[in-house]
Amino acid sequence: RLKTEQEKLKTLQYLKVLNGEKISGAPVIDDKPAYLEWATWRALLAINDLVCKAYESRRFPVDHDFYPRFTAPGGGSDLVIEYKEFVLIVEVTLTTSSRQMSAESEPVRRHTAEYVKQFAGKEVICLFIAPNIDNNVLHFFRDAIWYDNEGKECRVDIVPINLPTVIKIFEHIYRKELKRTDLYFLLKSCLSYRDALKTPQWSEHIKESIAQWMST
């Protein structure tokens, strides 16, 4: 798990490169989707307090130097991180616009619903990360309902946040030495009022919730 400031800064550097930022001496990333999963995983490990083992929280394989070999296989989320109070499901993508809608809106909801069933009795929240969030995807995540094969309805909690903002969130967490409960509070704040808001309003609410959280 990430413990030193140097390791945290290295992880943030990878995320910034994946975000398209030009950084002197930055690493060359050959497999961007795999490294986005890996860097997000490393960034979250720095918060610690996992109930599960660190290797159990990722679905992608790593090599002997702990770098990603390739992306997580289908059939589940990229990261499944269990904390004492809740389970954080993480889905990351580099897709944008209409491709994001076709590639992500259905599997993200389905995977989250499957983990709700798997971790029965424990709150499950999905964090969806992309370079930017398509409004149509945001709409599906605002009213995220999934029906299983038996017709049982499951309302899932998905918080979509773009990659530039996620980087700022991690920087704030490291600077303030925040814990899992602080991250949980942020996610819950983003989810609040979504039923009473239309999609564009919910998008603004998420931005305002993050800004307020970072100001404290």
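**A walk through the model**

Modeller: Let's start with a loop: Phe66 is in the loop between H2 and strand S1 (79–82). Keep in mind that this is a predicted model.

Biologist: OK, what's phi of Phe66 like?

Modeller: Phi of Phe66 is near 70°, a positive value in a residue other than glycine.

Biologist: And is Phe66 buried or exposed?

Modeller: Phe66 is exposed, because its relative accessible area is 53% and the cut-off for exposed is over 50%.

Biologist: What about phi of Tyr193?

Modeller: Tyr193 is not a glycine, and its phi is positive, near 70°. You'll find Tyr193 in the loop between H6 and helix H7 (199–214). Its relative accessibility is 60%, so Tyr193 counts as exposed.

Biologist: Switching to the strands. How do S1 and S2 run?

Modeller: S1 and S2 run antiparallel, with four bridges joining them. The two form a hairpin, and three residues sit between them. For a landmark, look at Ile81, which stands opposite Leu88 in S2.

Biologist: And in which sense do S2 and S3 pair?

Modeller: Parallel: S2 and strand S3 (residues 123–130) pair over seven bridges. Val87 is opposite Val124 in S3, and Ile89 is opposite Cys126 in S3.

Biologist: How many residues of S2 are buried?

Modeller: Seven of the seven residues in strand S2 (residues 86–92) are buried. For S3, seven of its eight residues are buried.

Biologist: Which S2 residues point which way?

Modeller: Phe86, Leu88, Val90 and Val92 point one way from S2, while Val87, Ile89 and Glu91 point the other way, and all are buried. In a regular strand, side chains alternate between the two faces of the sheet.

Biologist: What does Leu88 touch?

Modeller: Leaving out residues up to four places away in sequence, Leu88 touches Leu44, Leu79, Val80, Ile81, Tyr83, Ile125, Leu127, Leu183 and Leu187.

Biologist: Now the core. How many residues are in the largest nonpolar core?

Modeller: The largest nonpolar core has 69 residues, and those with the most contacts inside it are Leu44, Leu88 and Phe170. Helix H2 (residues 32–45) gives the most to this core, with eight residues. In soluble globular proteins, nonpolar side chains tend to be buried together.

Biologist: Where is Phe170?

Modeller: Phe170 is in helix H5. Its relative accessibility is 4%, so Phe170 counts as buried.

Biologist: What is Phe170 in contact with?

Modeller: Setting aside neighbours within four places in sequence, Phe170 is in contact with Leu12, Leu15, Thr40, Ala43 and Leu44. Phe170 and Leu44 are 126 residues apart along the chain, but their C-alpha atoms are separated by 8.2 Å.

Biologist: Then there's His172. Buried or exposed?

Modeller: His172 is buried, because its relative accessible area is 2% and the cut-off for buried is under 20%. His172 is also in helix H5.

Biologist: And which residues is His172 in contact with?

Modeller: His172 is in contact with Leu178, Trp213, Met214 and Thr216, again leaving aside neighbours within four places in sequence.

Biologist: Let's talk cavities. How many are there of 30 Å³ or more?

Modeller: The count comes to one cavity of 30 Å³ or more. The space in the largest cavity is about 70 Å³.

Biologist: Which residues line the largest cavity?

Modeller: The lining is made of Leu44, Leu127, Ile161, Val166, Ile169, Phe170, Leu183, Leu186 and Leu187. Helix H5 (163–176) and helix H6 (180–191) are the elements that give two or more residues to that lining.

Biologist: How many of the lining residues are nonpolar, polar or charged?

Modeller: Nine are nonpolar, none polar and none charged.

Biologist: Last one. Where does Arg110 lie?

Modeller: Arg110 lies in helix H3 (residues 97–118). Its relative accessibility is 25%, so Arg110 counts as partly exposed.

Biologist: And what separates the C-alpha atoms of Arg110 and Ile145?

Modeller: Those C-alpha atoms are 9.0 Å apart, with Arg110 and Ile145 35 residues apart along the chain.

Technical notes
Residues numbered from 1 in each chain as written. Predicted model: local features only at pLDDT ≥ 70, side-chain atom pairs only at ≥ 80, totals over all residues. Heavy atoms only, no water. 1 Å grid on protein atoms, 1.4 Å probe; cavity = no way out; pocket = protein on both sides within 12 Å on 5 of 7 lines; lining within 4 Å. Points joined across faces, edges and corners; volume = space filled by probe spheres on them. Nonpolar A, V, L, I, M, F, W, Y, C, P; charged D, E, K, R; others polar. Core = buried A, V, L, I, M, F, W, Y, C linked by side-chain atoms within 4.5 Å. Buried < 20%, exposed > 50% of the residue type's maximum accessible area, 1.4 Å probe, protein only. Contact = heavy atoms within 4.5 Å. Pairing = 2+ DSSP bridges.
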